[in-house]
Amino acid sequence: MKKIKKLLVIGAGSIGKRQIDNFSKYFTIDIAEIRNDRISETVKNYNINKSYKDYKKALTNEIYDAVAITVPPHLHLSIAKYAVKKNCALFIEKPLGMNSKGWSDIYKICKKKKLLNYVAYCHRFIPYVEDFKKMVRKKLIGNIYCAHLKWSSYLPDWHKNENYKDFYMSKKSQGGGALLDDSHGIDLIQYILGDVKKVNALVTNISELQMTSDDCFFGILNLKNNIVVQLSFDLFSRTPRIYLEITGQKGTLIWDRVNHSISFFDRKKTKWNKKEYSLKSLMSMYPRQARYFYECLIKKKQCFNNIKEALRTQQVIDAAFKSSENKKIIKIS
Ligand SMILES: NC(=O)c1ccc[n+]([C@@H]2O[C@H](COP(=O)([O-])OP(=O)(O)OC[C@H]3O[C@@H](n4cnc5c(N)ncnc54)[C@H](O)[C@@H]3O)[C@@H](O)[C@H]2O)c1
């Protein structure tokens with residue numbers, strides 16, 4: 001494929017390298033990364049056109065069709081501001097940022113300048129999320145009463161070659177923590193079940209992990225359609241568990257991201273049915289997402305996971321922090 005578009009990937013860390021791998025099929029790629037070791041490693045292992053230490057220098061020297069913002073969350077907003085000034089389309093890693101502040105303005109600028117903008121809530125591209133959503137929408141379990149979402153992992157296990165205390169995830173000031181990071185779950189709730197109306201939350205630290213960001217988040221969401229959702233995210237569970245269980249009038253549906261399956265309990269037949277998927281199916285979310293972003297760019301069409309949609313997730317995150325701090329139920333406007 002002839003590569004006609006240029007992409008600047010800002011941040012060549014864990015997800016940055018993954019995105020480089022996925023985007024290299026479609027784009028000529030430059031990188032901006034502050035760490036020399038990460039630049040050398042990336043240039044050695046991937047097809048990189050030019051590398052910079054300062055993203056502003058890259059954006060001043062070159063004209064890019066798009067930037068991929070793959071740095072920690074505290075930097076997303078300032079980089080997005082700079083990139084839209086240079087007329088670049090935006091691929092922003094989730095979460096959108098530290099909070100909602102400033103993002104409506106970026107969205108307005110993108111709209112005015114007709115710049116594609118996308119926030120990488122990539123779980124929507126997992127084939128067994130698509131199937132699960134269809135089952136829910138087709139009312140396989142009838143009217144829905146409630147849902148339970150668990151998102152648990154053990155932070156020190158994430159990157160074997162890095163001390164978790166040095167990783168941005170353990171730092172509140174850089175946007176680490178369970179709530180911001182596992183907000184994939186909040187995105188999925190609104191994507192599959194509907195908009196959130198009220199949030200009651202506890203965001204705190206209860207484990208032995210040495211981190212300034214939250215190691216857990218517990219929440220109850222009331223959706224506009226009256227479904228009640230219980231959420232539990234943590235970074236201290238040695239046994240990873242990521243699942244969404246939905247209970248309805250006609251049965252129960254479970255989406256399991258760790259065991260790659262969808263289970264359906266039919267209340268009438270009192271029987272379980274299980275559909276198995278694979279790790280390959282899970283990991284296909286990244287190349288499918290890269291292709292979607294590229295196609296939207298080429299076809300000049302807006303994408304679904306844009307800043308406006310991600311702001312709905314970010315507002316729930318903001319409300320959860322506020323609810324925990326003020327010990328109050330927060331209404332989403
Ligand atoms: N969608 C997903 O599945 C997924 C998975 C992992 C991470 N993420 C998101 O991606 C972002 C980065 O996470 P990560 O795990 O890759 O972190 P990381 O620490 O592994 O990588 C971040 C990189 O950014 C670099 N950096 C910091 N400041 C910079 C600057 N001013 N200019 C250029 N580079 C700079 C760091 O040196 C580091 O190499 C976060 O927002 C995270 O939530 C998303």
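Me: What percentage of the residues of the protein chain count as buried?
Reply: This is a predicted model, in which local features need pLDDT of at least 70 and side-chain atom pairs count only at pLDDT 80 or more, while totals for chains, interfaces and linings use all residues. Residues are numbered from 1 along each chain as its sequence is written. A residue is buried if 20 or more other C-beta atoms, placed from the backbone, lie within 10 Å of its own, exposed if 12 or fewer, and partly exposed in between. Of the 333 residues of the protein chain, the buried share is 40%.

Me: What is the radius of gyration of the protein chain?
Reply: The C-alpha trace spans about 65 × 45 × 40 Å along its principal axes. The radius is taken over C-alpha atoms, and the globule rule is 2.2 Å times the number of residues to the power 0.38. For 333 residues a compact globule would have a value near 20 Å, and the protein chain agrees, with 20 Å.

Me: How many helices and strands are there in the protein chain?
Reply: Both are DSSP runs numbered from the N terminus: helices are H or I with at least four residues, and strands are E with at least two. By this assignment the protein chain has 11 helices and 15 strands.

Me: Which residue is 4.6 Å from L90 in space, C-alpha to C-alpha?
Reply: L90 is found in strand 5 and is buried, with 24 other C-beta atoms within 10 Å. Residues are in contact if their C-beta atoms, placed from the backbone, lie within 7 Å; leaving out residues up to four places away in sequence, L90 touches V67, I69, A80, A83, V84, C110, L115, N117 and Y118. The residue 27 positions from L90 in sequence and 4.6 Å away in space is N117.

Me: Which peptide bond is cis, with omega near -15°?
Reply: The loop between strand 5 (89-93) and helix 5 (103-113) contains P95. The cis bond is the one from K94 to P95.

Me: Is K114, with its positive phi of about 55°, buried or exposed?
Reply: K114 is not a glycine, although its phi is positive. The residue lies in the loop between helix 5 and strand 6 (117-120). With 10 other C-beta atoms within 10 Å, K114 is exposed.

Me: Where is T270, whose phi is near 45°, placed?
Reply: The phi of T270 is positive in a residue other than glycine. T270 counts as exposed, because it has 8 C-beta neighbours inside 10 Å. Its place is the loop between strand 13 (261-266) and strand 14 (271-276).

Me: How are helix 5 and helix 11 oriented to each other?
Reply: Axes are lines fitted to C-alpha atoms, for helices over the stretch in contact, and angles run from 0 to 180 degrees between N-to-C directions. The axes of helix 5 and helix 11 come within 10 Å and cross at roughly 170°. Angles under 35 degrees count as roughly parallel, over 145 as roughly antiparallel, 65 to 115 as roughly perpendicular and the rest as oblique. Helix 5 and helix 11 are therefore roughly antiparallel.

Me: Which residues of helix 8 and helix 11 make the contact between them?
Reply: Helix 8 (residues 184-192) and helix 11 (residues 307-326) pack at about 120°, with axes 9 Å apart. The two helices are therefore oblique to each other. The contact is made by I186, D187 and Q190 of helix 8, and on helix 11 by R312, T313, V316 and I317.

How values were computed:
Contact = placed C-beta atoms within 7 Å.
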